[in-house]
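Hello,

Here is the structure I promised to pass on to you. Please have a look at it first, and then read my notes below.

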Amino acid sequence: MPLYHKLGNIPHKRHTIFKKADGGLHYEQLFGTIGFDGMSSLMYHLQRPTMVKEVGESKDVSPKTAVEYNIKSRLLKGFEVPPAEDYLDSRIIVLFNSDVNIALAAPKTSMTTYFYKNADADELLFIHKGSGIAKTMLGDINFGEGDYVLIPRGMIYQLQFNSENNRLFITESYHPIYTPKRYRNWFGQHLEHSPFCERDFRPPENLNPIDQIGEFTIKVKKQGQLHELIYASHPFDVVGWDGYNYPYAFSIHDFEPITGRVHQPPPVHQTFETSAFVVCSFCPRLYDYHPEAIPAPYNHSNIDSDEVLYYVDGDFMSRKNIDQGYISLHPAGIPHGPHPGTYEASIGKSKTEELAVMVDTFKPLKLTKDALAIDDGKYYKSWLE
Ligand SMILES: [Fe+2]
């Protein structure tokens with residue numbers, strides 16, 4: 001989301017003397033992506049952000065292939081992924097390729113003993129159940145049910161939950177995640193036809209820099225490994241920052257659906273884009289209003305992309321036997337469509353309460369053994385009468 005934002009205290013000029021209360025200098029850090037070509041922010045630390053005291057153990061957390069060449073439609077029962085105390089332990093990758101990891105997580109406790117950074121991937125956390133605060137280097141983001149929390153690669157963060165009952169649908173992207181270009185003008189402002197605008201995005205707030213020296217564990221995910229680095233200063237010691245590269249939240253409930261006289265295609269639901277996949281939000285909306293419209297989607301061939309739908313709430317109009325937290329996977333190369341009876345049943349209906357998140361990947365997805373453990377195994381035959 002390329003929008004300029006500023007929080008806390010910063011000097012008038014970049015790269016100039018900016019003194020602390022004790023007369024010492026603040027330490028400037030440029031936080032950018034795509035080399036020096038992408039979005040960046042300039043932040044000002046109380047301590048050097050480079051003071052590594054020790055490098056500890058590394059752990060392999062890369063997804064392991066159980067099904068390399070998937071041609072079956074699948075139905076994964078997401079809520080069967082067991083809760084875990086720790087946030088990072090709770091993240092279970094079910095689908096992946098070289099661009100993206102799709103994970104489910106049911107963490108029970110807040111992160112208190114360490115901080116986390118994904119050095120390789122932007123993280124899009126969809127909060128299905130639960131609420132709390134995402135504490136980051138650039139400030140706090142309050143989150144609740146229905147929020148997308150987008151954390152750009154390299155951002156150190158810590159999640160605090162308000163209860164033990166949390167369910168997250170996580171997309172880790174090796175390509176930067178942006179709002180779709182066609183929604184923005186040549187200056188980056190969202191246009192009138194966009195289903196959301198700048199007011200709907202919630203940047204970090206409440207910058208409370210912590211000036212502490214000691215031992216601070218930052219778990220860094222890089223190349224499928226989780227490394228433990230011990231730093232000498234608290235990572236949340238930023239007194240001010242400005243720029244375009246920062247975490248933010250966007251509620252799926254703030255997505256304004258685009259409707260029509262006849263069935264509208266999935267791109268009207270698009271919320272985010274990357275060079276390797278898109279994310280769409282299917283939200284409660286009025287149905288098509290042509291007197292002879294069939295609101296359920298036509299059968300379609302997603303010949304170039306694997307379609308992942310994560311079901312959040314409401315009745316999903318085109319599918320039977322779908323529950324909250326389920327994931328359907330429709331692999332590229334074979335057509336899919338509404339279940340028997342749902343096409344006909346949708347005629348004359350005036351609205352839908354369905355709420356779902358779709359991730360369409362341009363490369364085929366592989367399944368992990370954790371996906372097979374929650375796979376219903378028979379979904380691919382469910383279009384037979
Ligand atoms: Fe589809």
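Gln-223 sits in the loop between S16 and strand S17 (225-233), where helices (H or I, at least four residues) and strands (E, at least two) are DSSP runs, numbered from the N terminus. Its phi is near 50 degrees, a positive value in a residue other than glycine. Most residues other than glycine have a negative phi. Gln-223 counts as exposed because its relative accessibility is 65%; here buried means under 20% relative accessible area, exposed over 50%, and partly exposed in between (1.4 Å probe, protein chains only).

Asn-206 also has a positive phi, of about 50 degrees, although it is not a glycine. Asn-206 belongs to the loop between strand S15 (201-202) and strand S16 (213-222), and it counts as partly exposed because its relative accessibility is 45%.

Before you go further: this is a predicted model, in which local features need pLDDT of at least 70 and side-chain atom pairs count only at pLDDT 80 or more, while totals for chains, interfaces and linings use all residues. Residues are numbered from 1 along each chain as its sequence is written, and side-chain values use heavy atoms, with hydrogens and water left out.

Now to the domains. The domain assignment of the chain (bounds from an automatic or database assignment) gives domain 1 (5-62 + 82-251) and domain 2 (255-381). Their C-alpha centres lie 30 Å apart. Across the interface, 36 residues of domain 1 are in contact (heavy atoms within 4.5 Å) with 36 residues of domain 2. The area buried between the two domains is about 3,000 Å², and carbon and sulfur atoms give 67% of that; buried area is the accessible area (1.4 Å probe) that two parts lose on being put together, summed over both. In domain 1, Leu-95, His-128 and Phe-169 lose the most area to domain 2, together 19% of what that side buries.

How many salt bridges are there between domain 1 and domain 2? The count is one, a salt bridge being a side-chain nitrogen of Lys or Arg within 4 Å of a carboxyl oxygen of Asp or Glu. There are also 17 residue pairs in polar contact between domain 1 and domain 2 (both at pLDDT 80 or more). A polar contact is a pair of N or O atoms within 3.5 Å; within protein, one must be able to donate a hydrogen and the other to accept it, and residues adjacent in sequence count only if both atoms are side-chain atoms. Several strands each supply at least two residues of the side of domain 1 that touches domain 2, among them S7 (100-105) and S14 (167-173). S6 gives the most to that side, with five residues.

Two further residues are worth a look. Ser-131 lies in the loop between S9 and strand S10 (132-136) and counts as partly exposed because its relative accessibility is 26%. A polar contact of 2.8 Å joins the side chains of Ser-131 and Asn-162.

Glu-307, found in strand S24 (residues 306-313), counts as buried because its relative accessibility is 6%. Its side chain makes a polar contact of 2.9 Å with that of His-336. Not counting residues up to four places away in sequence, Glu-307 touches several others, including His-300, Ser-328 and Asp-360.

Best wishes
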